Amino acid sequence: MASTGFYFQRALIIDDSEIDVLVNRRLMQLTNFVADIMISGTGEEAIRILREECNKPEYAPDWIFLDMHLPMMSGYDFVEEFKTLPDFITKKSKIIVLSVFNKPDALKKIFENTFVAGQLEKPLTQHALLDIAHKKSVGIVSSL
């Protein structure tokens with residue numbers, strides 16, 4: 001754990017479900033997963049946050065928890081747009097697909113991106129967060 005008492009500095013949750021956001025934020029707080037939690041209800045808003053508010057490497061999130069089923073810009077579209085962000089973001093930020101979406105063939109292309117760390121099923125758990133924090137791969141599919 002970092003000297004700040006948190007495992008990581010920043011995370012971005014991209015989810016249009018207020019309940020899921022509330023639960024995931026609380027789990028991150030309970031586990032001291034991150035010091036700062038950014039929230040976005042849409043892919044478009046998340047891209048704006050990453051472009052405008054994360055304009056230095058230290059402001060980029062360590063982890064992005066991405067719901068695949070979003071209004072307008074889907075999780076797939078978000079990943080495609082994410083590729084156009086500055087290198088310091090795409091190299092630092094790792095995306096975890098957070099979804100009940102369980103179609104390996106459909107997700108295969110997303111996992112070809114080095115910045116996509118894997119998939120966790122909803123609901124997020126304290127155990128899954130602690131596994132990530134301790135660099136374990138339990139619960140994370142690194143490739144399909």
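This tour moves through a predicted model, from one tryptophan to an arginine and then to the nonpolar cores. Residues are numbered from 1 along each chain as its sequence is written. Because the model is predicted, local features need pLDDT of at least 70 and side-chain atom pairs count only at pLDDT 80 or more, while totals for chains, interfaces and linings use all residues, and side-chain values use heavy atoms, with hydrogens and water left out.

Select Trp-63 to begin, which sits in strand β3 (residues 63–66), where strands (E, at least two residues) and helices (H or I, at least four) are DSSP runs numbered from the N terminus. Trp-63 has a relative accessible area of 10%, so it counts as buried, a word that means under 20% relative accessible area with a 1.4 Å probe and protein chains only. Leaving aside neighbours within four places in sequence, its contacts (heavy atoms within 4.5 Å) include Phe-8, Arg-10, Phe-33 and Ile-132.

Next select Arg-10, in strand β1 (residues 8–14), which is also buried, at 13% relative accessibility. Show its side chain together with that of Asp-36, and you will find a polar contact of 3.1 Å between them; such a contact is a pair of N or O atoms within 3.5 Å, one able to donate a hydrogen and the other to accept it.

Now turn to the largest nonpolar core, of 26 residues, where Ile-14, Leu-50 and Phe-78 are among those touching the most other members. A nonpolar core is a set of buried Ala, Val, Leu, Ile, Met, Phe, Trp, Tyr and Cys residues joined through side-chain atoms within 4.5 Å. Helix α2 gives the most to this core, with 4 residues.

Technical notes
Buried < 20%, exposed > 50% of the residue type's maximum accessible area, 1.4 Å probe, protein only.
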